[in-house]
2 protein chains.
Amino acid sequence: MEQLWAAPAALTVREVHEQLAGTRELAYTTVMTVLDRLAKKKLTERERDGKAWRYRAAAPREELAADLMRDALDRAGDRREALVRFVGQVSDEEAALLREALSQLDAQEQTG
Amino acid sequence: MEQLWAAPAALTVREVHEQLAGTRELAYTTVMTVLDRLAKKKLTERERDGKAWRYRAAAPREELAADLMRDALDRAGDRREALVRFVGQVSDEEAALLREALSQLDAQEQTG
DNA sequence: TAGCATCTACTACGAAACGTCGTAGATAGG
DNA sequence: CCTATCTACGACGTTTCGTAGTAGATGCTA
């Protein structure tokens with residue numbers, strides 16, 4: 001359902017619907033409803049374009065993922081423990097990416 | 001609802017109910033249902049104790065949090081990007097804990 | 001200007017999850 | 001045998017989600 005995020009720019013309902021037509025047979029109004037609900041949840045934003053609305057993701061997929069990770073961490077009780085367990089679950093590659101992200105953060109703090 | 005996790009040992013429905021009585025006025029069967037549903041979702045385990053069941057968390061709160069973080073990361077598309085955003089959201093203290101967790105992971109890999 | 005196409009707004013409906021609880025029946029202790 | 005204690009199972013209202021239809025506004029076109 002959220003594969004609409006793949007799209008780079010703001011799309012109208014029609015465009016999303018057509019783009020989905022290959023993969024799944026959905027009624028036009030179904031797409032409309034979904035987009036509308038996402039907008040109500042602030043996951044998409046919309047702007048007028050003639051009589052139609054043009055929808056765009058409020059934040060990239062990665063930002064959503066990061067938010068969810070934060071939320072999970074917030075409900076953890078002992079954050080240290082949760083983080084230890086988290087890095088314990090993560091693949092080697094992901095651990096490397098994490099380290100990278102952290103040094104990037106350092107660099108930023110130096111500069112900014 | 002999941003504040004039942006605060007308890008250290010396996011508890012019977014009655015014990016959980018009594019423990020909750022101070023905070024919230026819940027029917028005995030409500031507690032039972034909840035515990036039972038949690039068990040069905042594998043979030044609690046239960047063992048017989050006389051005619052009663054004794055429930056215990058299948059995993060500590062922190063493990064659940066870590067699982068959720070993983071899930072979020074898995075639905076991210078570009079993991080690097082998601083991780084960068086995540087560490088960007090996190091507090092300084094949490095970043096430090098993360099670094100710590102990562103070095104701990106290193107040490108483990110050396111040893112184990 | 002009448003009519004058709006296009007779009008939105010609103011409503012709906014079934015399924016699943018959740019919080020809440022009741023009833024029925026098994027079991028154990030006095 | 002009666003009563004208290006537990007469980008199993010069902011139930012009901014609410015919310016979320018996927019799906020879709022209908023009504024009404026708007027705009028192009030003949």
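This is a predicted model: local features need pLDDT of at least 70, side-chain atom pairs count only at pLDDT 80 or more; totals for chains, interfaces and linings use all residues.
## Relation of the two chains

Chain B can be superposed on chain A with an RMSD of 0.2 Å, by a turn of 179° and a shift of 0.0 Å along the axis. The two copies are thus related as by a two-fold rotation axis. Within chain B, the C-alpha that comes nearest to this axis belongs to B:Met69, at 2.2 Å from it. Both copies use the same surface for the contact, since 100% of the contact residues of chain B recur in chain A.

## The contact between chain B and chain A

Chain B brings 43 residues to the contact, and chain A brings 43 residues. About 4,000 Å² of area is buried between chain B and chain A, and carbon and sulfur atoms give 63% of this area. On the side of chain B, the three residues B:Glu62, B:Met69 and B:Gln89 supply 16% of the area that this chain buries against chain A, which is more than any other three residues supply.

Which elements of chain B give two or more residues to the side that touches chain A? They are helix H3 (61-74), helix H4 (79-89) and helix H5 (92-111) of chain B, and H5(B) gives the most, with 13 residues. Sorted by class, this side of chain B has 20 nonpolar, five polar and 18 charged residues.

## Salt bridges between the chains

Over all chains, the structure holds 28 salt bridges.

| Residue of chain A | Residue of chain B | N to O distance |
|---|---|---|
| A:Arg85 | B:Glu63 | 2.6 Å |
| A:Glu100 | B:Arg80 | 3.0 Å |
| A:Asp106 | B:Arg99 | 3.3 Å |
| A:Arg99 | B:Asp106 | 3.4 Å |

In the salt bridge of B:Asp106 with A:Arg99, where the closest N and O atoms are 3.4 Å apart, B:Asp106 lies in helix H5 of chain B and A:Arg99 in helix H5 (residues 92-111) of chain A, so the pair joins two chains. B:Asp106 is partly exposed, with a relative accessible area of 33%, and A:Arg99 is likewise classed as partly exposed, at 30% relative accessibility.

The salt bridge of A:Glu100 with B:Arg80, at 3.0 Å from N to O, crosses between the chains from helix H5 of chain A to helix H4 of chain B. Here A:Glu100 is partly exposed at 36% relative accessibility, and B:Arg80 is partly exposed with a relative accessible area of 41%.

For the salt bridge of A:Asp106 with B:Arg99, with 3.3 Å between the closest N and O atoms, A:Asp106 lies in helix H5 of chain A and B:Arg99 in helix H5 of chain B, so this pair also joins two chains. A:Asp106 counts as partly exposed at 33% relative accessibility, as does B:Arg99 at 30%. Apart from these pairs, A:Arg70, A:Asp74, A:Arg79 and B:Glu94 are joined into one network by salt bridges that share partners.

## Residues within the chains

A:Arg54 is placed in strand E3 (residues 52-57) of chain A. Its side chain makes a polar contact of 2.7 Å with that of A:Asp49, and another of 3.4 Å with that of A:Glu15. Leaving aside residues up to four places away in sequence, A:Arg54 touches a set of residues that includes A:Ala10, A:Leu11, A:Thr12, A:Glu45, A:Arg46 and A:Glu47.

Most residues other than glycine have a negative phi. A:Lys42, however, has a positive phi of about 65°, and B:Lys42 has a positive phi near 70°. A:Lys42 sits in the loop between helix H2 (28-40) and strand E2 (44-49) of chain A, while B:Lys42 sits in the loop between helix H2 (28-40) and strand E2 (44-49) of chain B. Are these lysines buried or exposed? A:Lys42 counts as exposed because its relative accessibility is 66%, and B:Lys42 is exposed with a relative accessible area of 64%, the cut-off for this class being over 50%.

Key:
Residues are numbered from 1 along each chain as its sequence is written. Chains are lettered from A and ligands numbered from 1 in the order in which they are written. Side-chain values use heavy atoms; hydrogens and water are left out. Copies are superposed by least squares on the C-alpha atoms of residues with pLDDT of at least 70 in both. Contact means heavy atoms within 4.5 Å. Buried area is the accessible area (1.4 Å probe) that two parts lose on being put together, summed over both. A salt bridge is a side-chain nitrogen of Lys or Arg within 4 Å of a carboxyl oxygen of Asp or Glu. Helices (H or I, at least four residues) and strands (E, at least two) are DSSP runs, numbered from the N terminus. Ala, Val, Leu, Ile, Met, Phe, Trp, Tyr, Cys and Pro count as nonpolar, Asp, Glu, Lys and Arg as charged, and the others, Gly among them, as polar. A polar contact is a pair of N or O atoms within 3.5 Å; within protein, one must be able to donate a hydrogen and the other to accept it, and residues adjacent in sequence count only if both atoms are side-chain atoms. Buried means under 20% relative accessible area, exposed over 50%, partly exposed in between (1.4 Å probe, protein chains only).
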